[in-house]
Amino acid sequence: MRLTLIISTIFLLSFTNHLQAQIPTKVFEIESILVDGCAGSDEGRNEMVTFICGPNNISINDIRVDGAGSTGVITTNVWPNTNNPFRGWETPGTMYTEVAQINATISNCGYLVEPLDDTIPAGKKCLIITSTEFSPFAHDFSTLIDTLFVIFQNAGNTNGHFVNYNSSSSERTLRLYHLISLESDTIIYDRSLLVN
């Protein structure tokens, strides 16, 4: 009995430490971008970014998107395709129907949730969709195994936000900026290294 208790305690401590180690110490951390979100001619409306919230809750209204084209100079309120301005966030809850349509297709235990009070909780993952005019069926969420908070950029951009594959090397930059803490997270990708 004592050995079982010791092993259980060690496992619980290891598991707890492993979970805590996954939460960024900074305000948030970009995990991935869907650069080529092909949905026919609606690519710009169906691209995505995922990030994980750090140790504190954050309001979506305190997050700004900045980008840099091939010059490498980051400009505020634009995407890596600097022809596309950052249009701000749609009020959570207004995309209820579309989120419900996606959730109805998920066969695993995953789930999309809009942050109804505009807050992404500490340690939670967030999915950014680049337009409220996205297609709920452009991407397959059926095997999602995690709960993601989902936020939408306001409509208006129709061209791609990231700039797709090109055989010529050209770096692009995406930065998420937190207006309150003045912290940010930045990723740089070379479009010549993307899958064509």
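Strands β6 and β9 run parallel and are joined by 3 bridges; two strands count as paired if DSSP finds at least two bridges between them. Everything below comes from a predicted model, in which local features need pLDDT of at least 70 and side-chain atom pairs count only at pLDDT 80 or more, while totals for chains, interfaces and linings use all residues. Residues are numbered from 1 along each chain as its sequence is written, and side-chain values use heavy atoms, with hydrogens and water left out.

Back to β9: Tyr111 has Thr147 of β9 as its bridge partner. Strand β8 is also parallel to β9, and 5 bridges join these two. Leu127 stands opposite Val150 in β9. Of the 6 residues of β9, 5 are buried, so this strand is largely enclosed by the rest of the structure. Buried means under 20% relative accessible area, exposed means over 50%, and partly exposed falls in between (1.4 Å probe, protein chains only).

On to charges. Side chains of opposite charge can pair when their charged atoms come close. With a salt bridge taken as a side-chain nitrogen of Lys or Arg within 4 Å of a carboxyl oxygen of Asp or Glu, the count comes to 5 salt bridges. One of these pairs Asp66 with Arg175, with the closest N and O atoms 2.6 Å apart. That pair links distant parts of the chain, as Asp66 sits in strand β4 (residues 63-68) and Arg175 in strand β10 (residues 171-178), 109 residues apart. Both Asp66 and Arg175 are buried.

Another salt bridge joins Glu133 and Arg45, whose closest N and O atoms are 3.1 Å apart. Here, too, distant parts of the chain are linked: Glu133 is in the loop between β8 (125-129) and β9 (147-152), Arg45 is in the loop between β1 (28-34) and β2 (48-53), and 88 residues separate the two. Glu133 is partly exposed, at 42% relative accessibility.

Lys125 and Asp146 also meet through their side chains in a salt bridge (3.4 Å, N to O). Since Lys125 lies in strand β8 and Asp146 in the loop between β8 and β9, the pair ties together parts that are 21 residues apart in sequence. Lys125 is partly exposed at 28% relative accessible area, and Asp146 is partly exposed at 31%. Elsewhere, salt bridges that share partners join Arg64, Asp66 and Arg175 into one network.

As for pockets, the search used a 1 Å grid over the protein atoms alone: a pocket is an open set of points with protein on both sides within 12 Å along at least five of seven lines, and lining residues have an atom within 4 Å of a point. The largest pocket holds about 220 Å³ of space. It has 11 lining residues, and the closest to its centre are Ile52, Gly123, Lys124, Lys125 and Asp146. Helix α1 (2-22) and β9 each supply at least two residues of this lining.

The second largest pocket holds about 160 Å³. Its lining includes Gly93, Tyr96, Tyr111 and Glu114. Both α2 (96-105) and β6 (111-113) supply at least two of its lining residues, with α2 giving the most, 4 residues.

Methods
On a 1 Å grid over the protein atoms alone, a cavity is a set of points where a 1.4 Å probe fits but cannot get out, and a pocket is an open set with protein on both sides within 12 Å along at least five of seven lines; lining residues have an atom within 4 Å of a point. Grid points are joined across faces, edges and corners, and a volume is the space filled by probe spheres set on the points.
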